[in-house]
Amino acid sequence: MSRREPSQTDLLHELEPAVAAELDRHLAMAKEWMPHEYVPWTEASNFDGPMGGVAWDVSQSRVSETARTALVVNLLTEDNLPSYHREIYESFGRDGAWGTWIGRWTAEEGRHGTAIRDYLLATRAVDPVALERERMIHMTQGFETSYQLDMLHTLAYVSFQELATRISHRNTGRFTEDPFCEQLLARIAVDENLHMVFYRNLLGQALELAPDASVQAVWDVVEGFEMPGSTIEGFTRRSLQIALAGIYDLRIHSDEVLNPVLKYWKLFEIEGLGPQAEQARDKLAAFLEALDTKAGRFEDKREQLKARQAQQSKA
Ligand SMILES: [Fe+2]
Ligand SMILES: [Fe+2]
């Protein structure tokens, strides 16, 4: 790891022109959109409390229980933005283009949580009281990665995480079978995709400047990857429900998140790695194989479960 690779501080400086170029590309690609245009305001009505309206009841929700779970997990994940802002601010610093990017990215992300919340409240899709209580708990707890805010690890993490979030929003939207909800979540997914591209391209540059340290960071992140919402109460149960619905599961994580990004980086084609990075890459290859097997096993179990449920409903 010590083979004349630049330190993280040097790397932050060396990557700065690439950050500026990616920022320009992002600003040219990102189309302005108005969250209020995506919310069916005429469907909204007053709630109980100071307005004296009608309290929420599950019968008012047009979406299924599983769709509600996915929507709440996605929204709570977006809600933790102050923590994510702090994490990337501390990893990247605010010098030059890094700082400009963090501001822009935070502003774009800020739109996601507010737009989803407006939608869910206007359509009474989820329990607003439970949602608010959960938001308080989740945000109070905050989010912390386990990578000591190291720039390369953070870049690797967000490259995968933005893509995972994109897919999760897109599939949740489809799963609701509510065309307007799908439209909003698809719009948000476009933002997430651009975020992924930004981080993925930067890590691509880092792999050229400091291949050993970057490969190590990628392996560490893949090995310990957890969704940013993993600290939400009941996340294990909820993520199983989300996986059984095919909204986000191991197959998607393997085939639509990890592998495409690794392929883009041509990570398995990099030559001249030091022994430690070579070892990390071997572990990564073995991990991906094992993940593929696990994903297949989960798919089989899901099929069996579906078949059993179909049988039971016939009986
Ligand atoms: Fe977002
Ligand atoms: Fe994002």
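Buried means under 20% relative accessible area, exposed means over 50%, and partly exposed is in between (1.4 Å probe, protein chains only). This is a predicted model, where local features need pLDDT of at least 70, side-chain atom pairs count only at pLDDT 80 or more, and totals for chains, interfaces and linings use all residues. Residues are numbered from 1 along each chain as its sequence is written, chains are lettered from A and ligands numbered from 1 in the order in which they are written, and side-chain values use heavy atoms, with hydrogens and water left out.

**Exercise 1.** Work out whether Arg-251 is buried or exposed, and find its salt-bridge partners.

*Solution.* 
- Step 1: Arg-251 has 18% relative accessibility, so it counts as buried.
- Step 2: Look for salt bridges (a side-chain nitrogen of Lys or Arg within 4 Å of a carboxyl oxygen of Asp or Glu). Arg-251 pairs with Asp-255 at 3.4 Å, N to O, and with Asp-292 at 2.7 Å.
- Step 3: Helices are DSSP runs of H or I, at least four residues, and strands are runs of E, at least two, numbered from the N terminus. Asp-292 sits in helix α11, 41 residues from Arg-251 in helix α10.
- Step 4: Check the partners' surroundings. Asp-255 is partly exposed at 39%, and Asp-292 is partly exposed at 38%.
- Step 5: Zoom out. Arg-251, Asp-255, Asp-292 and Glu-299 form a network of salt bridges.

**Exercise 2.** Find what Arg-302 pairs with, and say which parts of the chain the pair ties together.

*Solution.* 
- Step 1: Arg-302 makes a salt bridge with Asp-249, with the closest N and O atoms 2.7 Å apart.
- Step 2: Arg-302 lies in helix α11 (residues 275-314) and Asp-249 in the loop between α9 (235-244) and α10 (250-264), so the pair ties together parts 53 residues apart in sequence.
- Step 3: Both Arg-302 and Asp-249 are buried.
- Step 4: For the overall tally, the structure holds 15 salt bridges.

**Exercise 3.** List what coordinates the iron ion (ligand 1).

*Solution.* 
- Step 1: Collect the donors (N, O and S atoms within 2.8 Å of the metal, or 3.2 Å for Na, K and Ca; water is not among the atoms, so sites may look incomplete).
- Step 2: Read the spacing of the donor residues in sequence: E-x30-E-x2-H-x79-E.
- Step 3: Glu-109 also bridges to the iron ion (ligand 2), and the two ions lie 3.9 Å apart.
- Step 4: Glu-109 is buried at 5%, and His-112 is buried at 0%.
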